[in-house]
Amino acid sequence: MTVDQKPLPPALIDQLLANYKKPEDLIGEDGLLKQLTKALVERALAAEMAEHLGHGKNEPVENVAGNTRNGKSKKTLKGEFGELPIEIPRDRHGSFEPQLVAKHQTRWTGFDDKILSLYARGMTVREIQGHLEEMYGTEVSPTLISSVTDAVMDEVKTWQARPLDAIYPIVYLDCIHVKARDSGAVRVKAVYLALGVNLSGEKELLGIWIAQTEGAKFWLQVVTELKNRGVQDIFIACVDGLKGFPEAIEAVYPKTAVQLCIVHMVRHSLNYVSWKLRAQVAADLKRIYQSATAEEGEIRLTEFEQKWNAAYPPIAQSWRRNWPRLIPFFDYPPEIRKVIYTTNAIESVNMSLRKITKNRGSFPSDEALLKLFYLALRNISKKWTMPIRDWKAALNRFTIEFDERMPQG
């Protein structure tokens with residue numbers, strides 16, 4: 001049930017604004033809004049104390065313990081209005097627990113969220129300091145900012161260890177490289193990401209892992225952890241062309257179809273080609289992966305070999321070598337293929353992360369890197385409010401294709 005708020009009497013508003021001449025009189029450092037906030041907070045705390053003791057100020061003591069008021073303590077709150085000094089009432093027994101401004105609280109509720117929001121957008125501690133001082137006129141120490149962001153680590157650990165769904169029809173696995181300080185030296189770290197699509201067609205980030213380098217051995221640890229956290233089956237895993245990567249997945253999920261990213265293959269192929277001929281080679285490669293069937297795709301690959309092998313033999317050799325990992329998407333109709341033949345879903349996440357990290361030379365530690373990525377990905381995932389496109393058609397196909405592996409009902 002909600003309580004209707006009564007409008008302030010016009011006479012009261014006129015009285016409050018009697019001396020108003022310029023905006024600073026209202027919103028300035030010593031403006032009316034700040035004075036009102038202080039007065040209302042202190043009046044509310046006095047009301048809480050009266051409720052706690054059972055009697056008002058200068059009234060007879062009503063509580064059995066004989067507890068009474070015992071002066072006030074001073075505190076400065078930080079918030080959007082800058083710094084606000086207030087007085088907190090005390091009682092002789094020390095049993096008063098204020099609700100509006102809790103003990104040891106030095107910042108308004110929501111102020112920490114602003115610090116986290118700025119941090120999640122890639123701002124450094126110094127930049128956050130400057131922004132808060134410029135916007136709100138309040139000085140925030142680097143220690144405070146670090147303590148606010150450090151508090152996220154417990155949330156990260158809980159999130160990273162949370163149980164996962166038993167089945168993810170599609171999982172995208174990819175890696176992004178970022179510089180971080182380690183043992184006194186700046187090193188390029190590999191940040192592993194796993195993005196799942198659940199049975200409802202919703203994207204879900206499954207975890208973040210940091211290692212010295214990208215390698216199939218570490219990917220084996222990643223998929224093993226997914227298994228330990230409850231993922232019993234993955235229908236299709238979409239990955240880049242890292243050597244040994246598909247075998248690492250199949251060691252844990254032997255029934256999973258591993259789909260190499262077509263986009264990665266095309267990019268790798270075009271690295272061999274001069275700028276003048278790239279458009280022609282790309283068009284001929286497109287004829288391969290846009291074929292109606294795997295058989296037709298192989299015919300187009302043969303035609304590509306006949307046309308380009310003399311100039312660029314490594315291209316067709318790479319496609320031949322990886323052909324069994326490139327053709328799983330041919331089992332699906334065109335509207336579903338684009339969902340599974342590329343890791344674009346997770347690459348768009350990586351692109352957002354690169355925007356956030358591009359202004360940083362390096363991170364002071366792996367923990368700082370993990371904090372930022374977690375907060376940034378939390379913001380990114382808020383936009384995932386709808387199932388991926390054509391999901392119903394894809395799910396119907398998966399139900400037919402993987403009937404014995406689908407959950408009953």
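Two strands pair if DSSP finds at least two bridges between them, and strands here are DSSP runs of E with at least two residues, just as helices are runs of H or I with at least four, all numbered from the N terminus. The model is predicted, so local features need pLDDT of at least 70 and side-chain atom pairs count only at pLDDT 80 or more, while totals for chains, interfaces and linings use all residues. Residues are numbered from 1 along each chain as its sequence is written, and side-chain values use heavy atoms, with hydrogens and water left out.

Strand β6 (residues 233–239) has two partners to look at here. With strand β3 (residues 167–182), β6 pairs in the parallel sense over 5 bridges; Asp233 in β6 is the bridge partner of Ile167. Strand β7 (residues 257–260) also runs parallel to β6, joined by 4 bridges, and Val239 sits opposite Leu260 of β7. Because 7 of the 7 residues of β6 are buried, the strand is largely enclosed by the rest of the structure. Buried means under 20% relative accessible area, exposed over 50%, and partly exposed in between (1.4 Å probe, protein chains only).

Next comes helix α12 (residues 294–308). Its buried residues are Ala294, Gly297, Leu301, Phe304, Glu305 and Trp308. They cover an arc of only 100 degrees around the axis, so they lie on the same side of α12; the arc is taken from the directions from the helix axis to the C-beta atoms. The face turned away from that buried side carries the exposed Glu295, Gln306 and Lys307.

Conventions. Expected span 1.5 Å × (residues − 1).
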